[in-house]
Amino acid sequence: MLWLLRLLLLLLLLPPPGSPEPPGLAPVFPGAPPQAPDLLYADGLRAYSAGAWAPAVALLREALRSWAELGRARRDCGASCAAEPGAALPFVLLGATSPDLGPGPAQGSWERLLLRAALRRAECLTQCAARRLGPGGAARLRVGSALRDAFRRREPYNYLQGAYYKLKKLDLAAAAAHTFFVANPTHLQMREDMAKYRRMSGVQPQSFRDLETPPHWAAYDTGLELLRRQEAGLALPRLEEALQGSLAQMESCRAGCEGPEEQQGAGEEEEGAGSQGGLYEAIAGHWIRVLQCRQRCVGETATRPGRSFPVPDFLPSQLRWLHETYAQVGNLSQAVENVLSVLLFYPEDEAAKSALNKYQAQIGEPRPGLGPREDIQHFFLRSLGEKRQLYYAMEHLGINFTDPDPWTPAALIPETLREKLREDQEKRPWDHEPPQPKPLTYWKDVLLLEGVTLTQDARQLNGSERAVLDGLLTPAECGVLLQLAKDAAGAGARSGYRGRRSPHTPHERFEGLTVLKAVQLARAGTIGSQGAKLLLEVSERVRTVTQAYFSPERPLHLSFTHLVCRSAIEGEQEQRMDLSHPVHADNCVLDPDTGECWREPPAYTYRDYSGLLYLNDDFQGGDLFFTEPNALTVTAQVRPRCGRLVAFSSGGENPHGVWAVTRGRRCALALWHTWAPEHREQEWTEAKELLRESEEEEESEEEEEEEMPSRDPSPEPPSHRLHRVQDKTGKPARIREEL
């Protein structure tokens, strides 16, 4: 009954039919105290399920507004109460000498000061919450972890876009869809929905806007774009806005670290913090969790919406842009302040020291008072103090702490912890090593296979680290691998994905076979061993050529090998608008709207080079194509054919997709390579060993047959024999174990 009353109230407040919708997602109740977000969200979902689209929009929007207001109130109250003199922590707890108590307060006096400050802070927070949130304050509006996760994933926008679409408000539907997609870039259904919105005549490009992007990101991106256009004067205020916005966002995050919900979540994640009983242990545990949360605010502020990892060294990098831009516009005093701020973080930075010397020489006479920025100096010293306490707790109390900053001075870290931290940092350096372009002057030296030719290089393919090579397979070898895929599919073997339909489109069937599955089937007698053996040999052939072409100084390892066939489903090919495989990059999550590629899960971040070795061309569609980072502008296209290898680096520099297969069956051997030896394909090694054991058993059986005549004169079944592959001329095909 309560939710029906709330629904009726919201219906009365909705604009009349035909009235213009406010821009974006304007508040339904501007200035009103927030209501319980969890109840509003639940009521909104009920209305959505019932097909009551207008009430669903009103309820979901009010849930979003109340959630945002609840967070703002908590952060504002935390910040204002921390600034009250009576609520300040005693100097002795901050590592300083109290001006009132002299060099050393009497024993136990700090406890009295701490208790008085804590009680005053609690009183202030309670009164502030009551003023901002109404009677009961924050306690009345506490929400569970499930709802917090739903709002952080922006799930209300998923429902909002559906409701707006039903109401024929396409501009707002596109904005809500884009807002949800930014935080969920791997959501395939939303990707398809956005593609449909882009094709609709009533939707403008500016409709695709993020309704929740923090202001500092918009200013940061605009400032860098203006710098790329060499408009330093226009870029400067936007870069300053980005820095101030970043600091403000960090302060808001830090103020929220004292909230009950955040502490509950942090307590579940952090081990060893406050797990012992007792007054002082409990106080220390709670304080450690607050400090851990505050340190995480650096990463949260530096993480774009939808990403899992922050921009490295976010604040120092902004200061570098600022000092260079101030120098370009001739404001050398500000340039000095910003470069000195960089040197706070990195005192031995040669580029910063060189810039400082240049600026000081241009200024001429010394100017007293020039130093690092006050806001940055405050942030730096406060962060150092918190890190010192956390490292102490890490060493003596056994708590976990992951330092978000690479600039932390080594002297701050206890000696006993330095070696362990150094090992952790050096575990996987290749994940942060983007592929570097290499000269291809000596391509003739890597033509290790007779008959292999370079058909197109990176320049001809309009990109970087791309190549098309022909002649890696003979027609007979293509036939053997095609028969292998057919026999395995006929035996019901499908590896890699479940089901008959493709994981990328409902209009094609997908069949996949790994090397280990092929050898296992061959050993069981389900398929011939000839194709399984050739599959292993060809995958090594491709790996060797790829390494020789792209990475001659650094060994590549096979990471995954997959024989895949895509078949058009008859009767489902008319007016197809989808792709056989959507545009993507292999080791990062591509964001077509920003043109960036995030090297983070669920992408296979350890993949460094990719290869597609085609087996046939007797089908319609199915061409591979490369695009610009926007996933729309095609830069190159390759038609499959037997023995043709398309090889390329796996990062965001090579977005690629596959046009729809509209008739026939397209088969290829897909291979990925890695520089990291621990990510090499274990199944390939197992398959090689299994094949070797099988050959040894066959040799042993042949020796026994020679010693003792067989009583059964019937010949061995043809499917179990190992034939030498022949091409059309009758000549034996090339059998190469290594290249």
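Student: Why is Cys588 counted as buried?

Tutor: A residue is buried when its relative accessible area is under 20%, exposed when it is over 50%, and partly exposed in between (1.4 Å probe, protein chains only). Cys588 has 5% relative accessibility, so it counts as buried. Please keep in mind that this is a predicted model, in which local features need pLDDT of at least 70 and side-chain atom pairs count only at pLDDT 80 or more, while totals for chains, interfaces and linings use all residues. Residues are numbered from 1 along each chain as its sequence is written, and side-chain values use heavy atoms, with hydrogens and water left out.

Student: How do you know that Cys588 and Cys597 form a disulfide, and what is Cys597 called at a relative accessible area of 23%?

Tutor: A disulfide is a pair of cysteine sulfur atoms within 2.5 Å, and the sulfur atoms of Cys588 and Cys597 are 2.1 Å apart. The angle about their S-S bond is 90°, and the link is right-handed. Because its relative accessible area is 23%, Cys597 is partly exposed.

Student: How many disulfides does this rule give?

Tutor: The count comes to six. One of them joins Cys253 to Cys297, with an S to S distance of 2.0 Å, and the link of this pair is left-handed, with -80° about the S-S bond.

Student: Where do Cys565 and Cys667 lie?

Tutor: Cys565 is in strand β4 (residues 557-568) and Cys667 in strand β15 (residues 665-674), so that this pair links distant parts of the chain, 102 residues apart. Their S to S distance is 2.1 Å, the link is right-handed with 115° about the S-S bond, and both cysteines are buried.

Student: Which helices do the buried residues of α14 pack against?

Tutor: The buried residues of α14, among them Phe314, Leu315, Leu322 and Tyr326, pack against helices including α10 (215-228), α11 (232-255) and α13. Contact here means heavy atoms within 4.5 Å.

Student: Why is Ile283 called partly exposed?

Tutor: Ile283, which is found in helix α13 (residues 279-301), has 41% relative accessibility and therefore counts as partly exposed. Together with Leu279 and Tyr280, Ile283 makes a nonpolar surface patch of about 320 Å².

Student: How many helices and strands does the protein have, and what share of its residues is buried?

Tutor: The protein has 22 helices and 15 strands, and buried residues make up 46% of its 739 residues.

Terms used
Patch = residues over 30% accessible without salt bridge, like charges linked within 9 Å, V, L, I, M, F, W, Y side chains within 5 Å. Areas by Shrake-Rupley, 256 points an atom, 1.4 Å probe, with all protein chains shown as cover. Salt bridge = Lys/Arg side-chain N within 4 Å of Asp/Glu carboxyl O. Helix = DSSP H or I, 4+ residues; strand = E, 2+ residues; numbered from the N terminus.
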